[in-house]
Amino acid sequence: FTGPGDASHWSQVYKAVGISKESVQTLDPSAEEVTAAKEASRLASDFEKKVHQSSKESSEKNWFRKAAEEAELMLSGDEDDGEKGKKSAPRHALWGMYQQLQARVRRPPRRAGATPLTRKERLAVARRGR
């Protein structure tokens, strides 16, 4: 989706890169495709957020562990996360989110009131768009 300001910006980018305006294909996405893209974008955003939180928590725990070792202190049972189950639970949840994102990206958009297009139909639509 581009507005008037975006169109002029993209034409400048095309010109700078050496791409003619005629060689750029226009997209006319259907409502189902836009909905599928929004869903995939939401899943990707949620996944990235969880990965970032997990990484941040992990680096914080590692920092505490390293600081305790340098000060020659023992960590208490609450701070020492030695249990394997607690460590694998966030990774397991992240793996589930990753699988869900992959499934959404690989699944073709649903058409309202109909079955998804067959491969032959998708190729025919793609040829018409050229």
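Modeller: A residue counts as buried under 20% relative accessible area, as exposed over 50%, and as partly exposed in between (1.4 Å probe, protein chains only). The model is predicted, so local features need pLDDT of at least 70 and side-chain atom pairs pLDDT 80 or more, while totals for chains, interfaces and linings use all residues. Residues are numbered from 1 along each chain as its sequence is written, and side-chain values use heavy atoms, with hydrogens and water left out.

Biologist: What percentage of the residues of the protein chain count as buried?

Modeller: The figure is 8% of 130 residues.

Biologist: How many helices and strands does the protein chain have?

Modeller: Helices (H or I, at least four residues) and strands (E, at least two) are DSSP runs, numbered from the N terminus. Here there are four helices and zero strands, in the order α-α-α-α from the N terminus.

Biologist: How is a salt bridge read, and how many are in the whole structure?

Modeller: The criterion is a side-chain nitrogen of Lys or Arg within 4 Å of a carboxyl oxygen of Asp or Glu. The search finds three. In one of them, Arg42 meets Asp46 at 3.4 Å, N to O. These two are four residues apart in helix H2, about one helical turn. Arg42, at 45% relative accessibility, is partly exposed, and Asp46, at 30%, is also partly exposed.

Biologist: Which residues are linked in a network of salt bridges?

Modeller: Glu39, Arg104 and Arg107. The bridge between Arg104 and Glu39 has an N to O distance of 3.4 Å; it links helix H3 to helix H2 across 65 residues. Glu39 also meets Arg107 at 3.9 Å, N to O. Arg107 lies in the loop between H3 and helix H4 (119-129), so that pair ties together parts 68 residues apart in sequence.

Biologist: Is Arg104 buried or exposed?

Modeller: Arg104 is buried, at 7% relative accessibility.

Biologist: How is a pair of aromatic rings described?

Modeller: By the distance of the centres and the angle of the planes. Rings of Phe, Tyr and Trp (its six-membered ring) pair if their centres lie within 6.5 Å; planes under 30 degrees apart are stacked, over 60 edge-to-face, and the rest tilted. The structure holds four such pairs. One of them, Phe47 with Tyr98, is tilted, with 5.9 Å centre to centre and 45° between the planes. Phe47 is in helix H2 (residues 31-70) and Tyr98 in helix H3 (residues 84-106), 51 residues apart.

Biologist: Which residues form the aromatic cluster?

Modeller: Phe47, Trp95 and Tyr98. Tyr98 is partly exposed, at 31% relative accessibility.
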